[in-house]
Amino acid sequence: RDLIPPEKPRPAQKYAFEDDLDVCTGCKACVAACHSLNGLDGTEVWRTVGLLHGGDAAQPVQKTVTTSCHHCVDPSCLSGCPVRAYEKDPVTGIVKHLDDQCIGCQYCTLMCPYDAPKYSADRGIVRKCDMCSDRLAVDEAPACVQGCPNQAIKITVVDQMASLQASQAGTFLPGAPAPDHTVPTSVYKSSKAIGSALLPADFYSVSTEHSHPPLIVLLVFTQLAVGAFATTFLGKLFLSLPALGPWALSQAAFSMFLGLFALGASVFHLGRPAGAWRVFLGLRTSWMSREAIGFGIFAKFGVLTAGAIAAAQWPRMPMRDLVVAAVPFLEGTTAFVGMVGVICSVMIYVATRRTQWRAFITAPKFLGTTALLGAATVLAVSQPFAGTLPAESRLVLEGPYAHRLWIAILSIAVAKAIFEAALLRHVRDEGHTVAKRVAMLTLRDLHRSTVARFVCLAVGGIVLPVLALLGAPAMAMAPLSLALLIIGELCERYAYFKAAPPSRMPGGLS
């Protein structure tokens, strides 16, 4: 009982783990106790033990660090969850995961800077430490606290304001992610001064992460569909291309087919897809909820647009004039809502505050894909139906419109190639920065996909557009360019997830 507070927290106070770095030996008894008493699956781990070392030859320093969920003041797992599968106890401050509510989207594992939530593929949900709240409720210490033979862990009461001030001062733990984002409440104490020069034992280890194939498909093909709708709408608006007919129907139908394909593929990312309908619950705080709702509305307007264009093909259809008049509005709304969805996709990863997913990296990648694949799709789908247009429109489509699309593809491809190559220059950085780790993984572990990405971008986005602008047959060039660009963007998005060093607490103790 001396390892837990004698009284419940008062207002503005919360329970927290207190870890004594001086007496922790790294025996991992706390890991075993947590695993056993919480009935975790075979490879499931809620508490880990890492190693910090540093100092100099005269005064070397080594500390073992036991860590679990920090039950933050402002938990990012809670704010990011699209189905509200987290709750923070108003009295104890303990952040609990609601297993029955979870759909297994795993977004909380990206949002948490300390790698506390763990995804269980067998269960299809995420689970995490809840400080053994059921044991605390009956004045019994959590499993890890009871299991430690050196009493290196105990439960204490902290003032919320004190945690906030400590996080703003950056006094949390050397080698740990910055505390100012979520304000962790865990307390690490030592009788000796802990210098900021300490590094985790695994600081220089670099390995690839999960590729998330359904998310790759979702991102690439939703951006393609949005870009195609926007390009078609702008072509009709500024070049007076026909709003109806087989050409217009082919653009809307093809774009919407790929958009629906992408949304359908995303379901396979969920551990419990049957609960996906609850994704709107996190709309107030979660960018994933906003993305899902945005693309859901985009899909509905896209289907309506394609349906309206198809219905307008029938001269005797009731209220045809009204349908024809609604087509421009539907196309413009579809493009606008789709762009909102793409921006939400950008913010999903920016909100994680991971260095490799910052806005100035993610936004050019996603918006560039939208513009590049949108132009390539419209150009490829336009060619077979050009003969169905009136002579004047056909001249515009095969002349100024196609010319501008080829120039757009060439310009965007060159810009993307320069931008992505510039990110790889960090492999020569002296410090072992996150940017250097990303470049190392991209050039070393992912060298095949990296080569394929730049070859596809160069041929599909630079060589073929140049040949087309010089007079080569566009009918053959456009579909090949689109196919190569899609492959290239899939490779780029693959590296976006694979070469993504995770944010986590110190490790390296095997």
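Two strands count as paired if DSSP finds at least two bridges between them. Helices (H or I, at least four residues) and strands (E, at least two) are DSSP runs, numbered from the N terminus.

Before you start: this is a predicted model, so local features need pLDDT of at least 70, side-chain atom pairs count only at pLDDT 80 or more, and totals for chains, interfaces and linings use all residues. Residues are numbered from 1 along each chain as its sequence is written, and side-chain values use heavy atoms, with hydrogens and water left out.

**Exercise 1. Get the overall picture of the protein.**

Step 1: count the elements. There are 15 helices and 10 strands.

Step 2: get the extent. Along the principal axes, the C-alpha trace spans about 90 × 55 × 40 Å.

Step 3: look at burial. Of the 510 residues, 53% are buried (under 20% relative accessible area; exposed is over 50%, partly exposed in between, with a 1.4 Å probe and protein chains only).

Step 4: The protein exposes about 22,600 Å², and carbon and sulfur atoms supply 63% of that. Accessible areas come from the Shrake-Rupley method with a 1.4 Å probe; for residues, only the protein chains shown count as cover.

Step 5: check the contacts (heavy atoms within 4.5 Å). Taking those between residues at least 6 apart in sequence, 76% join residues at least 24 apart.

**Exercise 2. Work out the sheet that contains β1.**

Step 1: write down the order. This open sheet of three strands reads β8-β1-β9, and the pairing is mixed. Its edge strands, β8 (153–159) and β9 (187–189), each pair on one side only. From one strand to the next, the twist averages 35 degrees.

Step 2: take the two pairings in turn. β1 and β8 are antiparallel over seven bridges, with Ala-16 opposite Thr-156. On the β9 side, β1 (residues 13–20) runs parallel to its partner, joined by three bridges. There, Asp-19 faces Tyr-188 and Asp-20 faces Lys-189.

Step 3: find what packs on the sheet. Helix α6 (residues 160–169) does, touching β1 and β8, and its direction makes about 95 degrees with that of β8. Axes here are lines fitted to C-alpha atoms, for helices over the stretch in contact, and angles run from 0 to 180 degrees between N-to-C directions.

Step 4: see how covered β1 is. Eight of its eight residues are buried. Gln-13, Tyr-15, Phe-17 and Asp-19 point one way, while Lys-14, Ala-16, Glu-18 and Asp-20 point the other.
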